Amino acid sequence: MPAKVRIPTPLRRFTNGAEEVGAAGATVGAVVNDLERQFAGIKERLCDDEGRVRRFVNIYLNGDDIRFLSNLETAVKDGDELSIVPAIAGG
Amino acid sequence: MRAAPTAAATRVPLEDGVRAGSILDLVGHTPLLDVTVLAPGATPRVRVYAKLEGFNPGGSVKDRPALWMVRHGLATGALRPGKTIVDSTSGNTGIALAMIGAALGYPVTLVMPDNVSRERKRIISAFGAQVVYSSGLEGSDGAILKCRELLHEDPDHYFKPDQYFNAMNPQAHFDSTGPEIWDDTEGRVTHFVAGIGTGGTVMGTGRYLKSRDARIQVIAAEPDDALHGLEGLKHMATSIVPGIYHEEELDRKIPVPTDEAYDLVYELGSRHGLIVGQSCGAALYAARRVARELDDGVVVAIFPDFGDRYLSTNLWAGWEEWQRQHRND
């Protein structure tokens, strides 16, 4: 069973409107790569040219900010839940 | 409870800048700061000014529309004793409404995404307002929808200023921000730049300035993508479009990359002594692009707030790296 990934409104245009999708990978970075494989263009929104998570994007693994874990190297198990949350609230 | 101080869209003139009868009398009359030095490459005949809205008593440009909307509510009877002021807001409008509610003795309930900064939550709480959280995944549109639900449950209990649809939002800027810019530049302003959140600032100020001189260019700074980090600004193509926003009145929109706006915030703080929010970085990004294209002119950009209320946010996540990269500049 892959990880569940919760998609914020601004990125749902990549996921055909889906709020939650499945993606596989042993680390958060691998899950992001699998998202890109399924939904081309989404990784560029999440990561900068050097592959790091953009400053204004937060990724939570089971509720914990990956910046306080091992960032994109953080290990992911089957059934884990990843949430991509815009760092700001908008207008 | 004090009576409504004045009718809508009128303001109490300050007889002197030191004594004021109410905190609300101190809204507006913010200064222009010459930031031409931040537009390297512009000709010497171009000036760039930032209008520092952080000097409003609630700390942001939103004091103006919030005050106009509340005064209008009092004048029309839509807001009267026993009612609670409610709105959806990502922060600055909420802080302004909370301040105004406290000053006038009206309770305030605010709906906001749960990912707004800790400072904002605490400021709003310090003004005695109640906060209802919506999902951070849904952004400000989620807060708008949740606020509608709240109203639907008990419509008579609430007064909803509704900054996205209330004509008093742009009117506040037509009455105050616009005239201040015209007077403070002695009518020399040629280009006006503001970010779009509700569109109130750019619409109302733009209308006033064009009424004084139709040649004045009105330019909106907009996030370059739906997923962005420019708090307070909206990417219109992918958002619920505010009813007060009329894009056809703009001369131009400039898309702003979040990373570049953040870097300008770092530069403003560490090199010029001005700590501001990310929407100021966005306004400066657009203003200096305009400035570099001109032979001569006076560009005025709205800096919506100061930066204190963002110090715990991701805005500063790249600060140490920026310092390393720019150590030898």
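Author: Take the axes of α1(B) and helix α5 (residues 168-184) of chain B. They come within 8 Å and cross at roughly 115°. That makes α1(B) roughly perpendicular to α5(B). The crossing of the two, α1(B) and α5(B), is right-handed. Keep in mind that this is a predicted model.

Which residues make the contact between α1(B) and α5(B)? From α1(B) come B:R64, B:P65, B:L67, B:W68, B:M69 and B:H72. From α5(B) come B:M168, B:N169, B:Q171, B:A172, B:H173, B:S176 and B:T177. Sorted by class, the contact of α1(B) with α5(B) has 6 nonpolar, 6 polar and 1 charged residues.

Now turn to another partner of α1(B). Helix α1 spans residues 63-76 of chain B, and helix α2 of chain B spans residues 92-104. These two pack at an angle of about 50°. Their axes are 8 Å apart. α1(B) and α2(B) are therefore oblique to each other. This crossing of α1(B) and α2(B) is right-handed. On the α1(B) side, the contact uses B:D63, B:A66, B:L67 and B:V70. On the α2(B) side, it uses B:T93, B:A96, B:L97 and B:I100. By class, the contact of α1(B) with α2(B) has 6 nonpolar, 1 polar and 1 charged residues.

Look up B:L67 in both lists. B:L67 is among the α1(B) residues that contact α5(B), and B:L67 is also among those that contact α2(B).

One more residue of this helix deserves a look. B:T76 is found in α1 of chain B. Is B:T76 buried or exposed? B:T76 has 11 C-beta neighbours inside 10 Å, so B:T76 counts as exposed. The cut-off for exposed is 12 or fewer. Now compare B:T76 with B:G128. They are 52 residues apart in sequence. In space they are 25 Å apart, C-alpha to C-alpha.

Chain B has another helix pair to set beside these. The axes of α7(B) and helix α8 (residues 278-293) of chain B come within 7 Å. They cross at roughly 105°. α7(B) and α8(B) are therefore roughly perpendicular to each other. α7(B) brings B:E260, B:A261, B:Y262, B:L264 and B:V265 to the contact. α8(B) brings B:Q278, B:C280, B:G281, B:A282, B:L284 and B:Y285. By class, the contact of α7(B) with α8(B) has 8 nonpolar, 2 polar and 1 charged residues.

Stay with α7 of chain B, where B:G269 is found. B:G269 is partly exposed, with 15 other C-beta atoms within 10 Å. B:G269 touches B:L274, B:I275 and B:G307, not counting residues up to four places away in sequence.

α7(B) also takes us to chain A. How many residues of chain B are in contact with chain A? There are 31, and they meet 17 residues of chain A. β4 (108-113), α4 (139-153) and α7 (258-272) of chain B each supply at least two residues of the side that touches chain A. The largest share of that side, 3 residues, comes from α4(B). By class, the side of chain B that touches chain A has 9 nonpolar, 17 polar and 5 charged residues.

Terms used
Residues are numbered from 1 along each chain as its sequence is written. Chains are lettered from A and ligands numbered from 1 in the order in which they are written. This is a predicted model: local features need pLDDT of at least 70, side-chain atom pairs count only at pLDDT 80 or more; totals for chains, interfaces and linings use all residues. Axes are lines fitted to C-alpha atoms, for helices over the stretch in contact, and angles run from 0 to 180 degrees between N-to-C directions. Helices (H or I, at least four residues) and strands (E, at least two) are DSSP runs, numbered from the N terminus. Angles under 35 degrees count as roughly parallel, over 145 as roughly antiparallel, 65 to 115 as roughly perpendicular and the rest as oblique. A crossing is left-handed if the near helix is turned anticlockwise from the far one by less than a right angle, and right-handed if clockwise. Two residues are in contact if their C-beta atoms, placed from the backbone, lie within 7 Å. Ala, Val, Leu, Ile, Met, Phe, Trp, Tyr, Cys and Pro count as nonpolar, Asp, Glu, Lys and Arg as charged, and the others, Gly among them, as polar. A residue is buried if 20 or more other C-beta atoms lie within 10 Å of its own, exposed if 12 or fewer, and partly exposed in between; C-beta atoms are placed from the backbone.
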